[in-house]
Amino acid sequence: MTVSFLRFGTSAFFSCLLTLTVFLPNAFANTNEQAVNPLLFELEMQSVSDDAAKIELLMQTLQTVRKSEGTDPQFLFDLYTDLADLFEKGGQEAKAVEVLAVAVDFAAMKRDLLEVNLAALYRRLGALFDKVGNVRKAYQAYEQELAERRQGMQFGPAVARVMEDLSRLAAVRGLAADASRYEKAAKGEQQASRPEEAKAARSDGKGGYREVEVYYATDRAETKTKDLDNYYGYQRGDLQYGVVTVSVPEIHVAGAVEAPSIWKLEFSADPSKHVMVQKIEPEDVDSYFARMQKEFTQKGKKEAFVFVHGYNVTFDSAAKRAAQLAYDMNYSGVPVLYSWPSAGKTTRYIGDTAVVRLSGRRLAGFLEDLKQRSGATTIHIVAHSMGNRALTDALELVALRNQDKVKQGPLFGQVFFAAPDVDAGLFVEMAKTIRPVAKRLTLYTSEEDWALKTSRELHGNAIRAGQGGSEQAVSANFDTIDMTGLGSDMLSHSYFADDSSAIADMMSLIWRNANPDKRCGLVKQASASGAPSAWKYTHSDCASRDFLAILASLRQIPSPTLKDVRAFVKKYVSDADLRKSYEAELVSLLN
(Lines give C-alpha, C1' and ligand atoms only; values in the text may rest on other atoms or scores of the structure.)
Protein backbone atom coordinates (compact mmCIF):
# COMPACT_ATOMS: atom_id res chain seq x y z
CA MET A 1 0.00 0.00 0.00
CA THR A 2 1.48 3.38 -0.94
CA VAL A 3 1.06 6.85 0.47
CA SER A 4 1.90 8.81 -2.66
CA PHE A 5 -1.07 11.08 -2.00
CA LEU A 6 0.65 12.67 1.03
CA ARG A 7 0.98 16.39 0.29
CA PHE A 8 3.38 17.53 2.97
CA GLY A 9 5.72 14.64 3.63
CA THR A 10 6.34 12.99 7.00
CA SER A 11 8.86 10.74 8.73
CA ALA A 12 8.70 7.01 8.11
CA PHE A 13 6.98 6.44 11.48
CA PHE A 14 4.13 8.87 10.99
CA SER A 15 3.71 7.94 7.32
CA CYS A 16 3.28 4.36 8.52
CA LEU A 17 0.64 5.47 11.02
CA LEU A 18 -1.28 7.30 8.30
CA THR A 19 -1.00 4.38 5.87
CA LEU A 20 -2.36 1.93 8.40
CA THR A 21 -5.20 4.10 9.66
CA VAL A 22 -6.56 6.03 6.69
CA PHE A 23 -8.46 3.05 5.38
CA LEU A 24 -10.08 2.06 8.67
CA PRO A 25 -12.30 0.24 9.45
CA ASN A 26 -12.13 -2.13 6.46
CA ALA A 27 -8.35 -2.54 6.32
CA PHE A 28 -8.30 -4.48 9.58
CA ALA A 29 -11.48 -6.48 9.38
CA ASN A 30 -9.64 -9.65 10.43
CA THR A 31 -7.97 -8.24 13.54
CA ASN A 32 -9.01 -9.15 17.06
CA GLU A 33 -8.02 -5.79 18.53
CA GLN A 34 -10.91 -3.84 20.03
CA ALA A 35 -11.40 -0.18 19.16
CA VAL A 36 -10.15 2.24 21.80
CA ASN A 37 -13.01 4.04 23.53
CA PRO A 38 -12.47 7.83 23.35
CA LEU A 39 -14.13 8.58 26.71
CA LEU A 40 -12.17 5.90 28.60
CA PHE A 41 -8.97 7.04 26.88
CA GLU A 42 -9.61 10.56 28.15
CA LEU A 43 -9.89 9.26 31.71
CA GLU A 44 -6.50 7.57 31.31
CA MET A 45 -5.01 10.80 29.96
CA GLN A 46 -6.39 12.69 32.97
CA SER A 47 -4.54 10.32 35.30
CA VAL A 48 -1.17 11.13 33.67
CA SER A 49 0.60 14.04 35.34
CA ASP A 50 3.24 15.38 32.94
CA ASP A 51 3.25 16.15 29.21
CA ALA A 52 6.07 13.69 28.40
CA ALA A 53 3.98 10.83 29.80
CA LYS A 54 0.93 12.08 27.89
CA ILE A 55 2.93 12.09 24.65
CA GLU A 56 4.04 8.52 25.31
CA LEU A 57 0.44 7.44 26.00
CA LEU A 58 -0.76 9.15 22.81
CA MET A 59 1.95 7.42 20.74
CA GLN A 60 1.03 4.04 22.22
CA THR A 61 -2.66 4.65 21.60
CA LEU A 62 -2.03 5.64 17.97
CA GLN A 63 -0.17 2.38 17.42
CA THR A 64 -3.07 0.48 19.01
CA VAL A 65 -5.72 2.21 16.96
CA ARG A 66 -3.98 1.39 13.70
CA LYS A 67 -4.65 -2.29 14.43
CA SER A 68 -8.20 -1.83 15.65
CA GLU A 69 -11.39 -2.61 13.81
CA GLY A 70 -14.05 0.09 13.71
CA THR A 71 -12.03 3.03 15.04
CA ASP A 72 -13.95 6.27 14.80
CA PRO A 73 -12.08 8.51 12.29
CA GLN A 74 -12.91 11.59 14.39
CA PHE A 75 -11.18 10.03 17.40
CA LEU A 76 -8.13 9.18 15.34
CA PHE A 77 -7.92 12.72 13.99
CA ASP A 78 -8.26 14.11 17.52
CA LEU A 79 -5.37 11.88 18.68
CA TYR A 80 -3.14 13.34 15.96
CA THR A 81 -4.01 16.94 16.82
CA ASP A 82 -3.66 16.33 20.58
CA LEU A 83 -0.18 14.95 19.95
CA ALA A 84 0.71 17.93 17.77
CA ASP A 85 -0.58 20.28 20.49
CA LEU A 86 1.62 18.67 23.14
CA PHE A 87 4.72 18.76 20.95
CA GLU A 88 4.12 22.43 20.17
CA LYS A 89 3.44 23.25 23.81
CA GLY A 90 6.79 21.67 24.72
CA GLY A 91 8.68 23.70 22.14
CA GLN A 92 9.16 20.72 19.81
CA GLU A 93 7.83 22.48 16.72
CA ALA A 94 9.63 20.17 14.28
CA LYS A 95 7.78 17.14 15.68
CA ALA A 96 4.55 19.11 16.00
CA VAL A 97 4.51 20.08 12.33
CA GLU A 98 5.31 16.50 11.32
CA VAL A 99 2.33 15.14 13.26
CA LEU A 100 0.05 17.97 12.15
CA ALA A 101 0.93 17.25 8.52
CA VAL A 102 -0.32 13.69 9.04
CA ALA A 103 -3.50 15.02 10.67
CA VAL A 104 -4.16 17.43 7.79
CA ASP A 105 -3.65 14.77 5.14
CA PHE A 106 -5.89 12.39 7.06
CA ALA A 107 -8.56 15.11 7.41
CA ALA A 108 -8.41 15.87 3.68
CA MET A 109 -9.04 12.21 2.88
CA LYS A 110 -11.71 11.64 5.52
CA ARG A 111 -13.42 15.03 5.57
CA ASP A 112 -16.77 13.53 4.60
CA LEU A 113 -16.67 11.67 7.94
CA LEU A 114 -15.04 14.34 10.08
CA GLU A 115 -16.18 17.62 11.60
CA VAL A 116 -13.18 19.69 10.52
CA ASN A 117 -12.43 23.11 9.06
CA LEU A 118 -9.74 22.27 6.56
CA ALA A 119 -8.94 25.91 5.76
CA ALA A 120 -8.12 26.57 9.42
CA LEU A 121 -5.99 23.40 9.51
CA TYR A 122 -4.01 24.50 6.45
CA ARG A 123 -3.50 27.90 8.13
CA ARG A 124 -2.10 26.34 11.29
CA LEU A 125 0.09 23.96 9.28
CA GLY A 126 1.45 26.83 7.17
CA ALA A 127 2.26 28.85 10.28
CA LEU A 128 4.12 25.89 11.85
CA PHE A 129 6.12 25.17 8.68
CA ASP A 130 6.93 28.89 8.57
CA LYS A 131 8.07 28.81 12.19
CA VAL A 132 10.49 25.90 11.64
CA GLY A 133 11.90 27.56 8.51
CA ASN A 134 10.41 25.27 5.83
CA VAL A 135 9.35 28.06 3.46
CA ARG A 136 8.42 25.78 0.56
CA LYS A 137 5.99 23.67 2.57
CA ALA A 138 4.58 26.73 4.34
CA TYR A 139 3.88 28.25 0.92
CA GLN A 140 2.26 25.00 -0.20
CA ALA A 141 0.02 24.88 2.88
CA TYR A 142 -1.12 28.48 2.38
CA GLU A 143 -1.88 27.74 -1.28
CA GLN A 144 -4.11 24.89 -0.11
CA GLU A 145 -5.80 27.24 2.36
CA LEU A 146 -6.43 29.84 -0.36
CA ALA A 147 -7.91 27.22 -2.70
CA GLU A 148 -10.15 25.98 0.11
CA ARG A 149 -11.46 29.45 0.92
CA ARG A 150 -11.97 30.44 -2.71
CA GLN A 151 -13.84 27.27 -3.57
CA GLY A 152 -16.00 27.81 -0.51
CA MET A 153 -17.00 31.33 -1.67
CA GLN A 154 -15.11 33.02 1.17
CA PHE A 155 -13.90 36.58 0.72
CA GLY A 156 -12.58 39.61 2.59
CA PRO A 157 -9.96 39.86 5.38
CA ALA A 158 -9.53 36.10 5.93
CA VAL A 159 -8.62 35.60 2.28
CA ALA A 160 -6.49 38.78 2.23
CA ARG A 161 -4.43 37.43 5.13
CA VAL A 162 -3.60 34.25 3.20
CA MET A 163 -2.57 36.30 0.19
CA GLU A 164 -0.32 38.47 2.36
CA ASP A 165 1.43 35.35 3.69
CA LEU A 166 1.83 34.00 0.18
CA SER A 167 3.26 37.32 -1.02
CA ARG A 168 5.77 37.38 1.85
CA LEU A 169 6.88 33.77 1.30
CA ALA A 170 7.04 34.20 -2.49
CA ALA A 171 9.48 37.08 -1.95
CA VAL A 172 11.61 34.88 0.34
CA ARG A 173 11.67 32.20 -2.34
CA GLY A 174 12.70 34.70 -5.00
CA LEU A 175 9.35 34.50 -6.83
CA ALA A 176 9.05 38.23 -7.47
CA ALA A 177 6.13 38.04 -9.90
CA ASP A 178 4.07 35.88 -7.51
CA ALA A 179 4.93 38.14 -4.59
CA SER A 180 3.69 41.22 -6.50
CA ARG A 181 0.56 39.43 -7.71
CA TYR A 182 -0.47 38.27 -4.24
CA GLU A 183 0.32 41.65 -2.68
CA LYS A 184 -1.95 43.41 -5.16
CA ALA A 185 -4.70 40.79 -4.75
CA ALA A 186 -4.54 41.10 -0.95
CA LYS A 187 -5.16 44.86 -1.09
CA GLY A 188 -8.14 44.33 -3.37
CA GLU A 189 -9.50 41.56 -1.16
CA GLN A 190 -9.55 43.82 1.90
CA GLN A 191 -12.19 45.91 0.13
CA ALA A 192 -14.07 42.98 -1.40
CA SER A 193 -17.84 42.87 -1.01
CA ARG A 194 -20.05 39.82 -0.90
CA PRO A 195 -20.21 38.19 -4.36
CA GLU A 196 -23.46 38.83 -6.21
CA GLU A 197 -24.12 35.14 -6.68
CA ALA A 198 -23.89 34.67 -2.89
CA LYS A 199 -26.28 37.56 -2.25
CA ALA A 200 -28.85 36.01 -4.57
CA ALA A 201 -28.45 32.45 -3.32
CA ARG A 202 -30.79 32.71 -0.36
CA SER A 203 -33.81 33.67 -2.42
CA ASP A 204 -33.44 31.84 -5.70
CA GLY A 205 -30.77 29.17 -5.29
CA LYS A 206 -28.36 30.60 -7.84
CA GLY A 207 -25.09 28.72 -7.83
CA GLY A 208 -26.78 25.45 -6.83
CA TYR A 209 -27.38 26.28 -3.18
CA ARG A 210 -29.61 28.24 -0.83
CA GLU A 211 -28.74 30.09 2.34
CA VAL A 212 -30.27 29.66 5.78
CA GLU A 213 -29.90 32.42 8.35
CA VAL A 214 -29.59 31.05 11.88
CA TYR A 215 -29.82 33.42 14.85
CA TYR A 216 -27.38 32.43 17.56
CA ALA A 217 -26.52 33.07 21.19
CA THR A 218 -23.27 31.70 22.57
CA ASP A 219 -21.16 31.88 25.68
CA ARG A 220 -18.07 30.80 23.76
CA ALA A 221 -15.26 33.35 23.73
CA GLU A 222 -14.22 34.80 20.38
CA THR A 223 -10.87 33.57 19.07
CA LYS A 224 -8.02 35.96 18.40
CA THR A 225 -8.13 35.24 14.67
CA LYS A 226 -11.90 35.71 14.26
CA ASP A 227 -11.65 33.59 11.10
CA LEU A 228 -14.97 32.48 9.65
CA ASP A 229 -13.85 28.89 10.26
CA ASN A 230 -12.95 29.47 13.89
CA TYR A 231 -14.73 32.65 14.98
CA TYR A 232 -15.78 31.23 18.36
CA GLY A 233 -13.55 28.81 20.26
CA TYR A 234 -14.08 26.63 23.32
CA GLN A 235 -13.05 29.05 26.06
CA ARG A 236 -15.82 30.51 28.23
CA GLY A 237 -16.95 34.01 27.40
CA ASP A 238 -19.81 36.40 27.98
CA LEU A 239 -23.10 35.77 26.23
CA GLN A 240 -22.88 37.02 22.65
CA TYR A 241 -25.48 37.28 19.89
CA GLY A 242 -25.56 37.31 16.11
CA VAL A 243 -26.66 35.68 12.88
CA VAL A 244 -24.73 32.94 11.07
CA THR A 245 -25.47 32.27 7.40
CA VAL A 246 -25.14 28.66 6.23
CA SER A 247 -25.36 27.48 2.62
CA VAL A 248 -27.20 24.22 1.87
CA PRO A 249 -26.80 22.69 -1.62
CA GLU A 250 -29.83 22.11 -3.80
CA ILE A 251 -28.73 18.45 -4.05
CA HIS A 252 -28.93 18.13 -0.25
CA VAL A 253 -30.27 14.83 1.11
CA ALA A 254 -32.50 15.13 4.18
CA GLY A 255 -30.63 14.24 7.36
CA ALA A 256 -27.16 14.79 5.88
CA VAL A 257 -24.57 17.51 6.45
CA GLU A 258 -22.74 17.14 3.17
CA ALA A 259 -18.94 17.50 3.19
CA PRO A 260 -16.32 16.89 0.46
CA SER A 261 -15.19 13.31 -0.13
CA ILE A 262 -11.88 12.30 -1.69
CA TRP A 263 -13.61 9.20 -3.09
CA LYS A 264 -15.80 11.55 -5.15
CA LEU A 265 -12.66 13.46 -6.21
CA GLU A 266 -13.83 16.44 -4.14
CA PHE A 267 -10.77 18.15 -2.71
CA SER A 268 -12.34 21.45 -1.56
CA ALA A 269 -15.61 22.52 -0.03
CA ASP A 270 -18.12 23.78 -2.61
CA PRO A 271 -21.44 25.41 -1.58
CA SER A 272 -23.20 23.79 -4.53
CA LYS A 273 -22.31 20.37 -3.07
CA HIS A 274 -21.61 20.87 0.63
CA VAL A 275 -23.15 22.48 3.71
CA MET A 276 -20.95 25.48 4.62
CA VAL A 277 -20.84 28.47 6.96
CA GLN A 278 -20.77 31.56 4.75
CA LYS A 279 -21.04 34.54 7.09
CA ILE A 280 -21.05 35.41 10.80
CA GLU A 281 -22.59 38.71 11.89
CA PRO A 282 -22.26 39.52 15.62
CA GLU A 283 -24.98 41.83 16.98
CA ASP A 284 -25.47 43.71 20.22
CA VAL A 285 -28.43 42.39 22.20
CA ASP A 286 -30.83 45.21 21.28
CA SER A 287 -30.05 45.03 17.55
CA TYR A 288 -30.32 41.23 17.71
CA PHE A 289 -33.86 41.20 19.04
CA ALA A 290 -34.90 44.12 16.84
CA ARG A 291 -33.70 42.22 13.78
CA MET A 292 -35.57 39.12 14.92
CA GLN A 293 -38.78 41.09 15.46
CA LYS A 294 -38.49 42.53 11.97
CA GLU A 295 -38.04 39.06 10.49
CA PHE A 296 -41.13 37.78 12.28
CA THR A 297 -43.09 40.71 10.87
CA GLN A 298 -41.90 39.87 7.36
CA LYS A 299 -42.52 36.14 7.69
CA GLY A 300 -45.95 36.48 9.26
CA LYS A 301 -45.46 33.23 11.22
CA LYS A 302 -44.13 34.20 14.65
CA GLU A 303 -42.53 30.91 15.54
CA ALA A 304 -38.95 29.93 16.43
CA PHE A 305 -37.10 26.76 17.31
CA VAL A 306 -33.97 26.69 19.45
CA PHE A 307 -31.27 24.04 18.93
CA VAL A 308 -28.81 23.21 21.73
CA HIS A 309 -25.98 20.98 20.54
CA GLY A 310 -24.18 18.22 22.41
CA TYR A 311 -20.67 17.10 23.34
CA ASN A 312 -17.81 17.19 20.82
CA VAL A 313 -19.31 20.00 18.71
CA THR A 314 -17.69 23.22 17.48
CA PHE A 315 -19.61 26.42 16.79
CA ASP A 316 -19.17 25.83 13.06
CA SER A 317 -20.59 22.29 13.25
CA ALA A 318 -23.48 23.39 15.47
CA ALA A 319 -24.43 26.13 13.00
CA LYS A 320 -24.45 23.62 10.14
CA ARG A 321 -26.64 21.21 12.09
CA ALA A 322 -29.12 23.92 13.06
CA ALA A 323 -29.35 25.05 9.43
CA GLN A 324 -29.77 21.47 8.23
CA LEU A 325 -32.66 20.89 10.63
CA ALA A 326 -34.37 24.12 9.52
CA TYR A 327 -33.83 23.30 5.85
CA ASP A 328 -35.02 19.69 6.14
CA MET A 329 -38.17 20.79 7.98
CA ASN A 330 -38.69 23.55 5.42
CA TYR A 331 -39.08 25.61 8.56
CA SER A 332 -41.03 28.81 8.01
CA GLY A 333 -40.16 30.29 11.41
CA VAL A 334 -36.82 31.48 12.74
CA PRO A 335 -34.11 28.92 13.60
CA VAL A 336 -32.01 29.78 16.66
CA LEU A 337 -28.80 28.14 17.89
CA TYR A 338 -27.56 28.18 21.45
CA SER A 339 -23.89 27.14 21.37
CA TRP A 340 -22.12 26.38 24.64
CA PRO A 341 -18.29 26.09 24.77
CA SER A 342 -17.78 22.44 23.86
CA ALA A 343 -14.16 21.75 22.86
CA GLY A 344 -15.35 19.93 19.74
CA LYS A 345 -13.10 16.91 20.35
CA THR A 346 -13.84 13.28 21.19
CA THR A 347 -10.98 13.46 23.69
CA ARG A 348 -12.52 16.33 25.71
CA TYR A 349 -15.64 14.76 27.24
CA ILE A 350 -14.63 15.59 30.80
CA GLY A 351 -13.78 19.15 29.82
CA ASP A 352 -17.20 19.53 28.22
CA THR A 353 -18.93 18.30 31.38
CA ALA A 354 -17.12 21.03 33.31
CA VAL A 355 -18.56 23.91 31.26
CA VAL A 356 -22.03 22.78 30.21
CA ARG A 357 -23.80 23.37 33.52
CA LEU A 358 -22.75 27.04 33.70
CA SER A 359 -24.16 27.43 30.19
CA GLY A 360 -27.46 26.11 31.52
CA ARG A 361 -27.76 29.22 33.71
CA ARG A 362 -27.07 31.45 30.76
CA LEU A 363 -29.43 29.48 28.53
CA ALA A 364 -32.23 30.05 31.07
CA GLY A 365 -31.80 33.81 30.82
CA PHE A 366 -31.60 33.65 27.05
CA LEU A 367 -34.83 31.63 26.75
CA GLU A 368 -36.63 34.12 28.99
CA ASP A 369 -35.33 37.03 26.88
CA LEU A 370 -36.28 35.20 23.70
CA LYS A 371 -39.81 34.77 24.98
CA GLN A 372 -40.13 38.41 26.08
CA ARG A 373 -38.17 40.31 23.41
CA SER A 374 -38.16 38.35 20.14
CA GLY A 375 -41.79 38.75 19.12
CA ALA A 376 -42.21 34.98 18.80
CA THR A 377 -45.55 33.63 19.98
CA THR A 378 -44.35 30.01 19.87
CA ILE A 379 -40.87 28.71 20.69
CA HIS A 380 -39.90 25.06 20.23
CA ILE A 381 -36.66 23.66 21.67
CA VAL A 382 -34.51 20.65 20.79
CA ALA A 383 -31.37 19.63 22.69
CA HIS A 384 -28.96 16.82 21.86
CA SER A 385 -26.72 14.67 24.03
CA MET A 386 -24.84 16.61 26.73
CA GLY A 387 -26.64 19.78 25.65
CA ASN A 388 -29.61 18.38 27.58
CA ARG A 389 -27.71 19.04 30.81
CA ALA A 390 -27.82 22.74 29.96
CA LEU A 391 -31.44 22.55 28.80
CA THR A 392 -32.83 20.64 31.79
CA ASP A 393 -31.09 23.03 34.18
CA ALA A 394 -32.34 26.01 32.18
CA LEU A 395 -35.96 24.86 31.99
CA GLU A 396 -36.04 24.00 35.68
CA LEU A 397 -34.84 27.53 36.50
CA VAL A 398 -37.34 29.07 34.09
CA ALA A 399 -40.17 27.02 35.63
CA LEU A 400 -39.27 28.05 39.17
CA ARG A 401 -38.81 31.72 38.28
CA ASN A 402 -42.03 31.99 36.26
CA GLN A 403 -44.57 30.02 38.26
CA ASP A 404 -47.25 32.71 37.98
CA LYS A 405 -46.82 33.03 34.21
CA VAL A 406 -46.85 29.26 33.73
CA LYS A 407 -50.23 29.05 35.47
CA GLN A 408 -51.64 31.03 32.53
CA GLY A 409 -50.27 28.56 29.97
CA PRO A 410 -46.98 27.00 28.81
CA LEU A 411 -44.18 29.38 27.85
CA PHE A 412 -42.84 27.07 25.13
CA GLY A 413 -44.24 24.76 22.47
CA GLN A 414 -42.63 21.37 21.79
CA VAL A 415 -39.49 20.47 23.75
CA PHE A 416 -37.40 17.56 22.44
CA PHE A 417 -34.74 15.83 24.52
CA ALA A 418 -32.68 13.85 21.98
CA ALA A 419 -30.29 11.22 23.37
CA PRO A 420 -29.86 13.13 26.65
CA ASP A 421 -26.63 12.41 28.49
CA VAL A 422 -28.36 13.04 31.81
CA ASP A 423 -28.88 10.67 34.73
CA ALA A 424 -32.22 8.94 34.03
CA GLY A 425 -33.51 9.21 37.59
CA LEU A 426 -32.60 12.89 37.77
CA PHE A 427 -34.27 13.49 34.40
CA VAL A 428 -37.55 11.95 35.62
CA GLU A 429 -37.51 14.10 38.75
CA MET A 430 -36.64 17.32 36.88
CA ALA A 431 -39.43 16.66 34.38
CA LYS A 432 -41.96 17.11 37.18
CA THR A 433 -40.84 20.73 37.55
CA ILE A 434 -40.28 21.33 33.85
CA ARG A 435 -43.54 19.86 32.55
CA PRO A 436 -45.73 23.00 32.94
CA VAL A 437 -43.43 25.24 30.87
CA ALA A 438 -44.00 23.33 27.60
CA LYS A 439 -46.93 22.14 25.54
CA ARG A 440 -45.34 18.67 25.36
CA LEU A 441 -42.05 17.03 26.37
CA THR A 442 -40.65 14.27 24.15
CA LEU A 443 -37.71 12.02 25.03
CA TYR A 444 -35.87 10.22 22.20
CA THR A 445 -33.87 7.15 23.27
CA SER A 446 -31.84 4.34 21.68
CA GLU A 447 -30.42 1.01 22.90
CA GLU A 448 -27.52 1.32 20.44
CA ASP A 449 -26.19 4.74 21.44
CA TRP A 450 -22.45 4.11 21.92
CA ALA A 451 -21.74 7.48 23.58
CA LEU A 452 -24.42 6.95 26.22
CA LYS A 453 -23.26 3.40 26.92
CA THR A 454 -19.80 4.75 27.68
CA SER A 455 -21.19 7.64 29.71
CA ARG A 456 -23.07 5.09 31.81
CA GLU A 457 -19.77 3.35 32.59
CA LEU A 458 -18.21 6.67 33.59
CA HIS A 459 -21.14 7.42 35.92
CA GLY A 460 -21.05 4.26 38.02
CA ASN A 461 -23.41 2.26 35.78
CA ALA A 462 -26.17 4.84 36.27
CA ILE A 463 -28.46 4.61 33.24
CA ARG A 464 -28.63 7.71 31.06
CA ALA A 465 -31.99 9.23 30.12
CA GLY A 466 -31.23 8.75 26.42
CA GLN A 467 -30.74 4.99 26.66
CA GLY A 468 -33.55 2.83 25.31
CA GLY A 469 -34.58 -0.72 26.17
CA SER A 470 -36.15 -2.25 29.27
CA GLU A 471 -34.52 0.29 31.62
CA GLN A 472 -35.48 3.40 29.68
CA ALA A 473 -36.95 6.39 31.45
CA VAL A 474 -40.75 6.63 31.34
CA SER A 475 -43.11 9.10 32.97
CA ALA A 476 -46.53 10.62 32.58
CA ASN A 477 -44.73 13.96 32.21
CA PHE A 478 -43.10 13.12 28.87
CA ASP A 479 -43.46 10.79 25.89
CA THR A 480 -40.64 8.24 25.54
CA ILE A 481 -39.84 7.29 21.94
CA ASP A 482 -37.30 4.48 21.42
CA MET A 483 -35.52 5.19 18.11
CA THR A 484 -33.25 2.11 18.18
CA GLY A 485 -34.63 1.07 14.80
CA LEU A 486 -32.75 3.90 13.08
CA GLY A 487 -29.38 2.16 13.33
CA SER A 488 -26.56 0.90 15.49
CA ASP A 489 -23.39 2.25 13.89
CA MET A 490 -20.95 4.69 15.46
CA LEU A 491 -23.00 7.60 14.18
CA SER A 492 -26.25 6.49 15.83
CA HIS A 493 -25.75 9.06 18.59
CA SER A 494 -26.99 11.70 16.13
CA TYR A 495 -29.99 9.70 14.91
CA PHE A 496 -32.41 12.53 15.74
CA ALA A 497 -31.06 14.65 12.89
CA ASP A 498 -29.28 12.10 10.67
CA ASP A 499 -32.46 10.27 9.68
CA SER A 500 -35.48 11.87 8.07
CA SER A 501 -37.82 9.63 10.11
CA ALA A 502 -36.89 11.39 13.35
CA ILE A 503 -37.18 14.76 11.64
CA ALA A 504 -40.63 13.81 10.34
CA ASP A 505 -41.70 12.89 13.86
CA MET A 506 -40.55 16.28 15.17
CA MET A 507 -42.35 18.02 12.31
CA SER A 508 -45.56 16.14 13.14
CA LEU A 509 -45.37 17.39 16.72
CA ILE A 510 -44.55 20.98 15.77
CA TRP A 511 -47.41 20.98 13.27
CA ARG A 512 -50.20 19.15 15.15
CA ASN A 513 -48.96 18.37 18.69
CA ALA A 514 -50.13 14.85 17.85
CA ASN A 515 -50.12 12.02 20.39
CA PRO A 516 -47.70 9.12 19.64
CA ASP A 517 -50.53 6.86 18.44
CA LYS A 518 -51.29 9.36 15.67
CA ARG A 519 -47.68 9.66 14.41
CA CYS A 520 -46.06 7.65 11.65
CA GLY A 521 -44.04 4.55 12.57
CA LEU A 522 -44.62 4.54 16.34
CA VAL A 523 -45.75 1.33 18.05
CA LYS A 524 -46.86 1.19 21.68
CA GLN A 525 -44.68 -1.01 23.90
CA ALA A 526 -46.06 -3.32 26.56
CA SER A 527 -45.92 -1.89 30.08
CA ALA A 528 -46.95 -2.93 33.58
CA SER A 529 -50.52 -2.18 34.57
CA GLY A 530 -50.85 1.48 35.47
CA ALA A 531 -47.29 2.31 34.39
CA PRO A 532 -46.63 5.05 31.80
CA SER A 533 -46.29 3.77 28.23
CA ALA A 534 -43.31 4.04 25.93
CA TRP A 535 -43.26 3.93 22.13
CA LYS A 536 -40.90 2.28 19.69
CA TYR A 537 -40.08 3.51 16.20
CA THR A 538 -40.32 1.00 13.34
CA HIS A 539 -39.18 1.75 9.81
CA SER A 540 -42.03 3.06 7.73
CA ASP A 541 -42.84 5.01 4.59
CA CYS A 542 -42.28 8.23 6.53
CA ALA A 543 -38.52 7.81 6.06
CA SER A 544 -38.46 9.82 2.85
CA ARG A 545 -37.81 13.34 1.65
CA ASP A 546 -41.22 13.37 -0.06
CA PHE A 547 -43.03 12.84 3.25
CA LEU A 548 -41.11 15.76 4.77
CA ALA A 549 -42.04 17.95 1.80
CA ILE A 550 -45.74 17.05 2.14
CA LEU A 551 -45.69 17.79 5.88
CA ALA A 552 -44.02 21.15 5.25
CA SER A 553 -46.56 22.08 2.56
CA LEU A 554 -49.59 21.12 4.64
CA ARG A 555 -48.25 23.08 7.58
CA GLN A 556 -48.52 26.31 5.57
CA ILE A 557 -52.32 25.85 5.38
CA PRO A 558 -54.21 27.11 8.47
CA SER A 559 -56.84 24.34 8.45
CA PRO A 560 -55.87 21.59 5.96
CA THR A 561 -58.54 19.17 4.75
CA LEU A 562 -58.52 15.68 3.26
CA LYS A 563 -58.65 17.36 -0.14
CA ASP A 564 -55.44 19.24 0.64
CA VAL A 565 -53.77 16.04 1.80
CA ARG A 566 -54.63 14.24 -1.42
CA ALA A 567 -53.51 17.17 -3.55
CA PHE A 568 -50.04 17.33 -1.99
CA VAL A 569 -49.60 13.56 -1.92
CA LYS A 570 -50.44 13.46 -5.62
CA LYS A 571 -47.96 16.28 -6.27
CA TYR A 572 -45.01 14.53 -4.63
CA VAL A 573 -45.75 10.80 -5.03
CA SER A 574 -46.41 8.78 -8.19
CA ASP A 575 -46.66 5.26 -6.72
CA ALA A 576 -50.33 4.40 -6.00
CA ASP A 577 -49.65 2.17 -2.95
CA LEU A 578 -47.33 4.75 -1.42
CA ARG A 579 -49.99 7.43 -1.93
CA LYS A 580 -52.48 5.39 0.08
CA SER A 581 -49.94 4.88 2.86
CA TYR A 582 -49.10 8.59 3.03
CA GLU A 583 -52.75 9.61 2.98
CA ALA A 584 -53.57 7.26 5.86
CA GLU A 585 -50.71 8.60 7.99
CA LEU A 586 -51.55 12.23 7.27
CA VAL A 587 -55.26 11.81 7.91
CA SER A 588 -54.34 10.23 11.26
CA LEU A 589 -52.38 13.38 12.11
CA LEU A 590 -55.29 15.62 11.11
CA ASN A 591 -57.68 13.71 13.32
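Modeller: In this predicted model, the largest nonpolar core is made up of 60 residues, and I280, L337 and L586 are the ones with the most contacts inside it. Helix α19, residues 500-512, supplies the largest share of this core, with 8 residues. Setting aside its neighbours within four places in sequence, L586 is in contact with F547, I550, L551, L554, V565 and V569. There is also a second, separate core of 55 residues, and A304, I379, A399 and V437 are among its members.

Turning to the sheet, 11 strands form an open arrangement with mixed pairing, in the order β3-β2-β1-β5-β4-β6-β7-β8-β9-β11-β10. The edges are held by β3 (276-283) and β10 (522-524), each of which has a single partner strand, so one side of each is left without a neighbour in the sheet. On average, and with direction ignored, neighbouring strands of this sheet are turned by 25° against each other.

Finally, helix α13, which covers residues 349-373, lies across β1 (209-222), β2 (232-249), β4 (303-308), β5 (334-339), β6 (378-384) and β7 (412-418), and runs at about 65° to β2.

Terms used
Residues numbered from 1 in each chain as written. Predicted model: local features only at pLDDT ≥ 70, side-chain atom pairs only at ≥ 80, totals over all residues. Heavy atoms only, no water. Core = buried A, V, L, I, M, F, W, Y, C linked by side-chain atoms within 4.5 Å. Buried < 20%, exposed > 50% of the residue type's maximum accessible area, 1.4 Å probe, protein only. Helix = DSSP H or I, 4+ residues; strand = E, 2+ residues; numbered from the N terminus. Contact = heavy atoms within 4.5 Å. Pairing = 2+ DSSP bridges. Axes fitted to C-alpha atoms, helices over the stretch in contact; angles between N-to-C directions.
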